[in-house]
Amino acid sequence: MTGQDPSRREAPDQRPGSGFVGRRAELDLFARTLAMPGMESFLLFGPSGIGKTRLAEECLAAAAASGRRCLRASAGGRAAGIPLGALAPLLPREAVRTDDPVQVFAAASAVLSAPSGERVVVFVDDLHLLDPASVALLVQLTRSGHVFVLGTARSAAGVAPPAAALDQSDRSVRVDLCPFDADGVEAFLEAELDGPVERQSALDLADVSHGNALYLRELVRGARAAGALSRQGGLWRVESARQHGTPRLMEMIAARIARAPAAARPALEALAACGPLELAALEALVPYDVLVALEGAALIQVRTDGGSTTAELAHPLYAEALEERLPNDRRRAILRAEARRILDRGISSAADALRVAGWLLEADGTADADLLLRAASLARHAHDYRRVIALSRAALDSGTSDATRARALHGEALFQLGQHTEAEKVLAGAEELARGAVDRAAGPQERERAENLLLTVVMDRTQNLFFGLSDQRTAREITRAARPWFSSAAHLTSLTLNESALRAGRTDVVLRQLENLEEEPCSPRVRLFAASMQVMSLAAGGRATEARQLGRRAFAEHQELDERTVILHPTGQSAPLVVAHLEAGMIDEARRTGEEGFSWATEDRALQPQIWIAWHLGRCELVAGRVRAARRWYLEALALAGKAGVRFAERTAWCGLAVCEAQLGNAAEARAAADAADACSEYIWPPGEDVLASAWATAAEGDMERAVQQFLAGARRARETGNHGPEGLLLMEAVRLGAAKSCAPRLREIAELSQGLLAPVRARMAEAIADARPEELEAAAEAAHELGADLLAAEGFAVAAALWRRSGKSRMAQAASNRAAALTALVGPVSTPALRGVEHEPLTSREQEVTCLAAGGRTSQEIAAELFLSVRTVDNHLQRAYGKLGVTSRTELARVLGQESGRPRS
């Protein structure tokens with residue numbers, strides 16, 4: 001290795017942040033560490049593929065952008081093990097050729113220095129491979145103040161004793177990188193694909209990759225190459241994420257597995273074919289010490305839960321790599337052997353039944369019919385609907401004696417997966433069989449069982465018609481037609497309640513017919529379905545407090561029910577609860593409830609709840625004024641509704657998208673979304689809100705008068721059916737377009753009829769605008785902000801500014817305008833009629849840093865220490881920010897930035 005001109009080995013001049021995602025906290029920590037006097041190194045540890053080098057390169061770019069001199073070295077490749085091999089390209093020839101450490105240090109010090117006197121940043125990749133001579137020199141250079149080391153090392157490799165001196169110094173910061181969590185994976189994918197990603201696809205890729213950045217990137221490339229990556233309804237979607245690794249990725253994994261001893265092969269193959277197995281089963285295949293070695297090599301994971309110790313492959317992709325090389329005959333033999341092992345000892349748990357049935361079905365295409373049916377029922381309660389279809393179909397083919405239950409399970413699984421037309425055929429056949437069983441019932445107990453099953457099938461069929469095929473009329477007709485087959489009072493009551501619950505939108509009728517729901521003797525499934533519809537009706541009818549109470553009770557009951565009760569996923573209760581919280585003005589609680597429910601439903605692949613929770617979260621974010629977040633949720637709802645074939649859900653999602661596009665200033669896109677909504681099936685719920693799409697599109701096109709008339713027409717329809725919540729929302733939309741005088745009286749009536757905080761705030765704002773009282777309007781806008789309705793609050797201050805200006809009070813007008821601008825900054829770029837023309841000076845990046853810390857409770861001295869500024873500079877930044885935001889104190893600042901009581905807001 002010969003010396004070269006060091007200037008040619010400078011790190012490339014690049015800007016930090018370009019295309020980088022997911023490690024912002026670590027990047028900020030590096031910047032603070034580098035700026036801290038006396039710090040010597042910043043070391044990144046983690047497993048292969050975690051993104052250490054990528055993050056280090058970003059850190060190096062940030063250092064270069066700040067004016068630091070930056071150099072780069074690598075301890076791997078040809079440099080490994082050679083004295084000064086890693087640093088030789090950075091040093092003059094005479095330093096490399098001498099054995100005198102004093103001369104080496106002197107020569108290196110002369111070269112590795114910066115004119116500014118600041119430390120030179122030297123990036124060393126693969127620090128764990130660094131030769132001792134290079135380590136010794138780097139330690140000298142860091143201790144002398146010449147060099148700041150930025151290094152990466154593999155966690156599993158450890159650091160050789162000489163290099164440990166860099167890691168163990170109290171002037172060093174070590175960061176152990178973890179895989180991306182689900183949110184990190186989604187952010188990574190959206191940056192990689194330059195657009196939003198369907199949540200289910202993001203979760204699938206997170207599961208398959210375990211958050212490994214390298215694996216993620218290769219999976220995306222593989223899906224793209226296989227044509228399994230597509231953009232649908234504005235969202236990127238990946239089909240069968242587990243099946244699309246690139247050849248490079250599979251080769252990397254195969255090479256890792258190949259390092260396992262030959263004696264371990266039977267255990268690895270069994271885990272690949274069967275999934276997790278008891279440790280005792282693996283000990284029958286390989287010696288215990290081999291299993292210990294596999295765990296030590298991070299090829300398997302061993303877990304103990306409830307006294308049972310099981311092992312599984314350490315990464316899902318290991319199974320893919322092993323199965324590629326596993327002959328079919330060998331795979332089938334493994335499955336049969338493991339099934340026989342459990343059958344010989346006796347099936348002792350539900351998990352055993354499900355595993356054995358699945359293994360035998362996969363190995364031989366069939367199994368005992370009763371075992372298959374039992375496994376199908378278990379898979380249904382685990383919400384594994386694809387497996388339900390395979391097992392129930394196999395049970396029917398094997399001649400199960402309970403064909404009605406098998407068809408019911410099959411039909412419900414088809415409904416959950418969005419195959420509604422096929423589900424109607426299967427469930428209609430199941431209902432015919434169930435009626436025959438009722439007719440043939442020999443005694444009271446047998447008839448009770450037959451009626452129970454018939455009620456389950458009728459429920460499945462009517463909900464498939466209602467939610468899947470958008471056919472409310474037929475669903476109610478089937479419910480009525482089933483009555484002659486029932487003799488139990490509880491079953492007849494269940495049918496009545498089911499029919500009432502199917503009248504979505506007729507809030508007055510639903511509330512009247514379900515008034516005594518909790519006291520009625522009926523099926524738990526019917527009661528919970530009816531309760532969900534009652535919660536939404538109570539909320540829409542202005543009784544939000546009652547809705548929240550009932551919604552919480554229903555959610556708790558749903559989770560506690562015995563697993564044998566055939567019911568929808570518990571998150572089916574989440575969407576109504578979001579509605580109840582929202583109508584009560586509890587916007588943060590509505591958001592939190594919806595996001596938790598959506599995550600749970602997505603993890604369990606419960607498609608129907610996902611659709612409606614996503615839609616309600618879009619509505620929640622629109623009320624909050626976070627239009628881009630709302631748009632993201634409506635895109636999700638649209639994609640899910642399309643996947644499930646729920647046409648009326650597609651219509652509601654298109655309506656929401658039209659509103660978002662209009663409020664973002666995209667008139668053409670708003671009109672296109674409104675037209676798409678009109679092309680879908682009949683609008684069902686919430687009553688009257690179907691006008692939102694066309695009215696907002698019309699407003700975006702500039703025809704405010706016509707848009708107001710559309711809102712008022714929708715409000716009249718909502719009022720006719722007792723829907724005070726939707727009526728209030730529609731009237732407030734008209735107020736936002738200038739119709740305060742005509743809408744304020746009715747909004748006051750709705751406020752007096754309604755429970756919760758949202759309706760009174762709307763009425764108060766409308767009255768203040770109608771009466772031209774800017775001071776009262778500002779107070780009402782502050783109340784809206786307290787609820788989390790920041791866009792409504794911003795518009796209130798914007799109108800107040802205009803009213804102050806009209807009365808000649810320019811200072812008050814400017815303060816209100818600044819407040820409107822600050823609130824608008826919270827919700828992001830929007831373009832609504834009330835906000836057009838609001839002028840403000842944006843905060844600089846440094847002002848944003850300082851104000852966020854101040855709003856979080858930091859003193860000027862603490863902010864100065866954290867940002868390496870003087871206290872005077874911090875105070876100057878705060879004063880300028882106060883003027884731009886229209887505040888005079890830290891308390892007001894915290895309120896404006898949404899950080900009061902620790903409540904962050906974006």
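Student: Leaving aside neighbours within four places in sequence, which residues is Ser-532 in contact with?
Tutor: Ser-532 is in contact with Gln-573 and Pro-576, where contact means heavy atoms within 4.5 Å. Bear in mind that this is a predicted model, where local features need pLDDT of at least 70, side-chain atom pairs count only at pLDDT 80 or more, and totals for chains, interfaces and linings use all residues. Residues are numbered from 1 along each chain as its sequence is written, and side-chain values use heavy atoms, with hydrogens and water left out.
Student: Is Ser-532 buried or exposed?
Tutor: Ser-532 counts as buried because its relative accessibility is 7%; buried means under 20% relative accessible area, with a 1.4 Å probe and protein chains only.
Student: And which helix is Ser-532 in?
Tutor: Ser-532 sits in helix α25, residues 524-540. Helices here are DSSP runs (H or I, at least four residues), numbered from the N terminus.
Student: New topic. How do the axes of α41 and α42 cross?
Tutor: The axes of α41 (residues 845-855) and α42 (residues 860-867) come within 10 Å and cross at roughly 135°. Axes are lines fitted to C-alpha atoms over the stretch in contact, with angles from 0 to 180 degrees between N-to-C directions.
Student: Which residues of α41 and α42 make the contact?
Tutor: From α41, Arg-846, Glu-849, Val-850, Leu-853 and Ala-854; from α42, Ile-863, Glu-866 and Leu-867.
Student: And overall, how much of the protein is buried?
Tutor: Of its 906 residues, 56% count as buried.

Conventions: Helix = DSSP H or I, 4+ residues; strand = E, 2+ residues; numbered from the N terminus. Buried < 20%, exposed > 50% of the residue type's maximum accessible area, 1.4 Å probe, protein only.
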